[in-house]
Amino acid sequence: VTGLRFWTACIFAVLIFALSLMNAARPIRRMYRLHVSPQASTLPLRDAELVHARSVIGGLHSDRLAYFDEEPGWNTIEAVGEYYAVQYSLAPIVLRRDSKADEYALVNFRLSRKPMPVPGYNLVEDLGGGLSLYRRR
Amino acid sequence: MRLAIGVLFSLAGPITLGWLLVRGLWPRSPFGLRASLGAGLGTGVIGAVYYLALLITRSPWWSLGISESALVAGIFWWGRRSTEKPSQSPLPDTAQILLLLLLVLAAIWTVASITATPHGQWDAMAVWNLKARFIYLSPSDPLARIMDPALWDTQPDYPLLLPSLVARGWQYAGTDTVVIPISLAVLFTASTVGIVFFGLRMLNRPLLSQLATAVLLGTPFFFRQGVSQYADVLVCCFVTSAIVLYCLHDASPDNARLPLLAGIAAGLAACTKNEGLLFVLVLAAGRLSVLAWRRFPSGAHREVMNLASGVAFGLLVLGAFKRLYSPPNPIVQGITGRVIADRIVDWTYHARILKAFAQKSFTFGEWWMCPLLLLIIHVLAVRWKSLAAPSRGWTTAALTTAGMLAGYYSVYLLSPYDLDWHLGTSLDRLLFQVWPAALVLYALLATEG
């Protein structure tokens, strides 16, 4: 019985180690042999692009800004994702989507990349990266 | 230069405190386990102190001052305690080279994952690091900004332990560098692996500690998710710590302070994510069931008191946050008598959840081949004669792991969200949280006697 136990333990140890090695090696093999990288970042990070925007908005002395997307409705993952990327880059300013209560508004022309007139607002500055700053009339 | 020194100091202090805390409460703890437990618990405790100070003062600089004062006081206090040398359990003589090879492969994969996603995954940017930036960068009252209704979909009811730790690290580094969240992610991931390996070795299961650790190291998703800069890896580390500590307590009940350490870990899990609160409830219920099954042996009262004392600090911080700041949880808010009555008898709903659990259990690890079946066969082969008379060591691990899975199942059943979306965006992370604990359970079950 002791011999049987020993061999059972040995067989399972070999199988588990072999399987673990195959599992651990798989992504690395895919990476180097098949050139499949780890799931690359899809985050639309805007930190570097929004350095100027950060300094201009920081100078407004306003904790909160209205935020509009060029494509109204927040129906696409791109619009929502871009909001979070800009919010992350401009923190600690709070960007309030579609807010009517704030004096300044940030409009993201992420598709056309050029500022357009916004009803009820005057353009203050094109901040680059598709973002434009507006002030309520 | 300041960055490197800042990162080093932000981590070294809490790790030292954790080491001393584990040594003070458990003088005979072996070196590796003391280091692994200490890294996670010490960092968590300092993060929780910072978090509590932030709730009270609403200032990151006051919070830093208070947390670092507590750190220095803690190191001084616990440093004066027992100086007993850590015990060294003999190194297991089999398969060490294979384990080392697995460790190298896991490290390569971890570095590749970090390189591919240095800013972590989506929720790292939209939830965890965003809140850390509010704490670190706000000129006044970061909590008012975090709780702004405009940010309603950044999970404002989630506790702020991880953002507190990241903000604290940024204060040390002097800039909001990604190195801090990456370092924390690596710390908690490595700590979890160490707890599984050294914990099982401490339980006199050298070969099984190697096998369980091998399976963990051979789970690519564990490392990719670990460094995604989400809070799940913290929950995973604290859950694993508490379960391993209770297994050790069951193996040698003479050390009454292990439940205190387990309680600290469980309390920290509650401070990290809402699933952590579920873990506290499941752990408490599991232990009470075990004690009731054993007809409340002598020392049961003391064990319960120690567990409660350990959990108390984490629950205090969480309670202050929930009471003073947090909006209601949308899932809990959506649970009504009508929803419960409707969903419990909706068999298609049950079937969809069970199907997702079954499918994900075999695929979440991003394996070449899922090891689950092999582990189950191993357990059955070893225990087929004695399954009806289990040894006492594994009951807490089994009850808490099963309890957590049952809790997740109930949340999906009563969730107000679209079920497919909810399962698709969270189930793999929830299974990740309990995967090391499940491997500990496997190692305990696959041991005869």
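What share of the contacts in chain B with a separation of 6 or more is accounted for by residues 24 or more positions apart? In this predicted model, in which local features need pLDDT of at least 70, side-chain atom pairs count only at pLDDT 80 or more and totals for chains, interfaces and linings use all residues, that share is 81%, a contact being defined by heavy atoms within 4.5 Å. Residues are numbered from 1 along each chain as its sequence is written, chains are lettered from A and ligands numbered from 1 in the order of writing, and side-chain values use heavy atoms, with hydrogens and water left out.

Chain B contains 20 helices and zero strands, helices being DSSP runs of H or I with at least four residues and strands runs of E with at least two, both numbered from the N terminus. Its radius of gyration, taken over C-alpha atoms, is 21 Å, close to the 22 Å that the globule rule (2.2 Å times the number of residues to the power 0.38) gives for 449 residues, so chain B is as compact as a globular protein of that length. Of these 449 residues, 61% are buried, that is, under 20% relative accessible area with a 1.4 Å probe, protein chains only.

In chain A, five of the six residues of strand 1 (residues 64–69) are buried, so this strand is largely enclosed by the rest of the structure. Strand 1 of chain A runs parallel to strand 2 (residues 94–97) of chain A, to which four bridges join it, pairing requiring at least two DSSP bridges; within this pair, Tyr67(A) has Arg97(A) as its bridge partner. Four bridges also join strand 1 of chain A to the parallel strand 3 (residues 104–108) of chain A, where Phe68(A) stands opposite Val107(A).

How values were computed
Buried < 20%, exposed > 50% of the residue type's maximum accessible area, 1.4 Å probe, protein only.
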